[in-house]
Amino acid sequence: VRPDNKIIELCRNKFGRNRFFFDSVPYSRELKKNCDYYVFKTFGEAYHQLMIELSELTSEAIDLVLTKNNGIENIFITGGVSKNPLFLRLVSEVYSHKKVYTSEIPNSTALGAALVILEKLRPSGKPILNLGLNSC
């Protein structure tokens, strides 16, 4: 589902800071048990709301480990969600002051470990492998 500005705005106006799919308690990851899906006119509207909530939960988690003035300039999103243009856009909006990247490399956890080792072995400052990074 491609991002639709009108639907994003509609969902934000309809629900505000409340969540439809997840409990609205800060840092809760619990799904609500009883949801009236008839509040949505289309699948696309429901999907946009779900992605809004998932991006909020993601931002809450990131903010738990990143302090305000942390000096971190880049955020890397990997895994299946890195193929979701709506989710990527929503997270990129929250972190507009940082560069948000995705990677097409499926084994990103192993890649992270390899990068730590490569950094120690690299003789110069030149990158020695193509990471397949894409800017969001």
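Helices (H or I, at least four residues) and strands (E, at least two) are taken here as DSSP runs, numbered from the N terminus. The model is predicted, so local features need pLDDT of at least 70 and side-chain atom pairs count only at pLDDT 80 or more, while totals for chains, interfaces and linings use all residues. Residues are numbered from 1 along each chain as its sequence is written, and side-chain values use heavy atoms, with hydrogens and water left out.

Glu53 lies in helix H2, residues 43-65. Glu53 is buried but has no salt bridge, and the nearest side chain of opposite charge, Arg19, is 5.2 Å away. Buried means under 20% relative accessible area, exposed over 50%, and partly exposed in between (1.4 Å probe, protein chains only). A salt bridge is a side-chain nitrogen of Lys or Arg within 4 Å of a carboxyl oxygen of Asp or Glu. For charge, Lys and Arg count as positive and Asp and Glu as negative; His and the chain ends are not counted. What the Glu53 side chain does reach is backbone: the nitrogen of Phe21 lies 3.0 Å from one of its polar atoms, and the side chain also reaches the backbone nitrogen of Phe22 at 3.0 Å.

Next come the nonpolar cores, each a set of buried Ala, Val, Leu, Ile, Met, Phe, Trp, Tyr and Cys residues joined through side-chain atoms within 4.5 Å. The largest has 15 residues, and Met51, Ile77, Leu86, Leu90 and Tyr95 have the most contacts inside it. Helix H1 (5-15), H2, strand E1 (74-77) and helix H3 (85-94) each give two or more residues to this core. H3 supplies the largest share, five residues. A second, separate core of eight residues includes Phe15, Cys35, Ala46 and Leu57.

The salt bridges number seven. Arg12 pairs with Glu93, the closest N and O atoms being 3.5 Å apart. Because Arg12 lies in helix H1 and Glu93 in helix H3, this pair ties together parts that are 81 residues apart in sequence. Glu93 also meets Arg89 in a salt bridge (3.0 Å, N to O); these two are four residues apart in helix H3, so about one helical turn separates them. Lys14 forms a salt bridge with Glu45, with closest N and O atoms 2.5 Å apart, and the pair links helix H1 to helix H2 across 31 residues. Lys14 is partly exposed at 36% relative accessibility, whereas Glu45 is buried at 4%. Elsewhere, Arg17, Arg19, Arg29, Glu56 and Glu60 are linked in a salt-bridge network.

Methods. Polar contact = N/O pair within 3.5 Å; in protein donor to acceptor, adjacent residues only side chain to side chain.
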